[in-house]
Amino acid sequence: MILKPKRARPFFGRHPWVLEGAVLRVDGTPADGDVVDLATHDGMFVARGLWNAASKLRVRLYAFDPATKLDAALWQSRLEAAIDLRRALGRNDPYGGTRLVNSEGDGLSGLIVDRYAEYLCVQVTGLAMSLRLESICESLQTLLTPRGILLRGAERGLSKLEGLHLPDRVVRGVAPTGPIFVTEHGLKFGIDLTEGQKTGFYLDQRDNRQAAAQLAQGRRVLDMFCYSGGFSVACAVQGSASSVLAVDSSLKATSMARANADLNGAKNVTVETADAFEKMQALQVAGEKYGLVILDPPKFARSRASLDDAVRAYHRINRLAVDLLEPGGVLVTCSCSGAVSREDFLMMLSGVAQRSGRSIQMLACRGAAADHPVNVNCLEGEYLKCVIGTIG
Ligand code: SAH
């Protein structure tokens with residue numbers, strides 16, 4: 001695959017995505033998933049990757065020297081390196097949950113593997129990886145001997161972008177018949193991985209839940225977008241919050257949050273099924289005040305195109321949260337929209353401080369837990385922001 005003149009620099013910088021616009025021409029007729037070499041317009045080798053004509057992301061790169069073959073041995077060695085890294089991070093608790101493979105962050109663009117105790121969940125976001133799924137699962141089985149390997153469909157939209165149609169299925173072993181349990185910093189959480197439910201658990205927030213809990217002592221906590229209650233349980237049990245109100249619009253989420261609070265003996269957690277915007281407005285009208293508010297909404301921006309709308313939505317919920325905080329209260333505010341940069345997010349908060357007439361003192365600006373490594377040559381992988389601040 002020959003690059004247009006002056007388009008090779010990102011790939012000398014090891015960026016793993018070759019977009020269709022960079023392609024000058026293709027010598028030969030690669031099928032989707034085939035190995036292709038990337039060369040400059042004057043014939044110099046740049047990198048080796050996998051082709052997908054159906055995607056704007058025409059080639060994903062996996063090697064930057066001509067000697068490296070893209071074969072089963074390479075995938076296995078990348079998987080081994082990824083697993084070794086988690087071991088080095090102390091993330092090998094057999095009862096815990098860990099992201100074992102984080103796509104570009106582990107040199108395996110298009111592949112995500114999460115371990116939930118004895119089960120592995122594989123998510124494929126690139127067509128070329130889907131064609132190599134059998135050998136990848138074979139390696140995972142050999143390296144980790146899980147009880148089951150479950151394939152989970154990629155996020156909505158992503159599969160369309162890649163021309164990828166992968167139904168959920170059990171690839172190896174068995175699926176759990178009921179909820180399974182993982183421990184996180186000594187707390188226990190139930191996760192529903194049974195087919196048709198496949199909700200999983202947000203592993204990226206593990207350490208941010210602890211950071212929030214450390215500031216929860218004696219405070220009234222409001223956990224908006226609580227999902228299965230990760231922040232709520234940590235604040236109630238380990239943070240000794242005086243009370244926790246956990247809110248999510250999904251009934252499935254709030255029933256999990258209830259169950260997880262009970263599982264950990266957190267008696268002062270109230271769980272409510274409601275829309276976050278409406279609930280915060282209602283709390284404001286009722287004159288309620290909190291000492292700690294957590295905001296962990298779903299992705300508001302799916303692309304740069306929806307950035308303005310997303311920033312407005314972040315502004316709205318953060319403004320509502322700030323208005324609910326007593327002076328000296330703590331805001332833990334997250335964004336998992338990759339399209340919203342850290343700078344955009346901080347600018348939004350600056351706007352909230354101005355409009356509300358309150359000061360926001362930033363205590364920490366955090367990201368995903370370390371088992372979600374980011375390739376510095378592909379900062380698109382750095383999606384999670386978690387800003388902790390006190391409100392004056
Ligand atoms: N904080 C959670 C993860 C949150 S994921 C954790 O630590 O595990 C985002 C959640 O927002 C989902 O559970 C989703 O059901 C919920 N959600 C989406 N739109 C919402 C809305 N308008 N109001 C309340 N909850 C919403």
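**Exercise 1.** How do the residues of the shell around the ligand divide into nonpolar, polar and charged?

*Solution.* Start with the setting: this is a predicted model, in which local features need pLDDT of at least 70, side-chain atom pairs count only at pLDDT 80 or more, and totals for chains, interfaces and linings use all residues. Residues are numbered from 1 along each chain as its sequence is written, and side-chain values use heavy atoms, with hydrogens and water left out.

Next, sort the shell: eight residues are nonpolar, two are polar and four are charged. Here Ala, Val, Leu, Ile, Met, Phe, Trp, Tyr, Cys and Pro count as nonpolar, Asp, Glu, Lys and Arg as charged, and the others, Gly among them, as polar.

**Exercise 2.** Find polar contacts (pairs of N or O atoms within 3.5 Å; within protein, one must be able to donate a hydrogen and the other to accept it, and residues adjacent in sequence count only if both atoms are side-chain atoms) of the ligand.

*Solution.* Look at the side chains of Asp 248 and Arg 209: an N or O atom of Asp 248 is 2.6 Å from a ligand oxygen, and one of Arg 209 is 2.9 Å from a ligand oxygen. Then turn to the backbone, where an N or O atom of Ser 249 lies 3.1 Å from a ligand nitrogen.

**Exercise 3.** Which side chains meet Arg 60 in a salt bridge (a side-chain nitrogen of Lys or Arg within 4 Å of a carboxyl oxygen of Asp or Glu)?

*Solution.* First, count: domain 1 and domain 2 have two salt bridges between them. Then find the partner of Arg 60: the side chain of Glu 104, at 3.7 Å from N to O.
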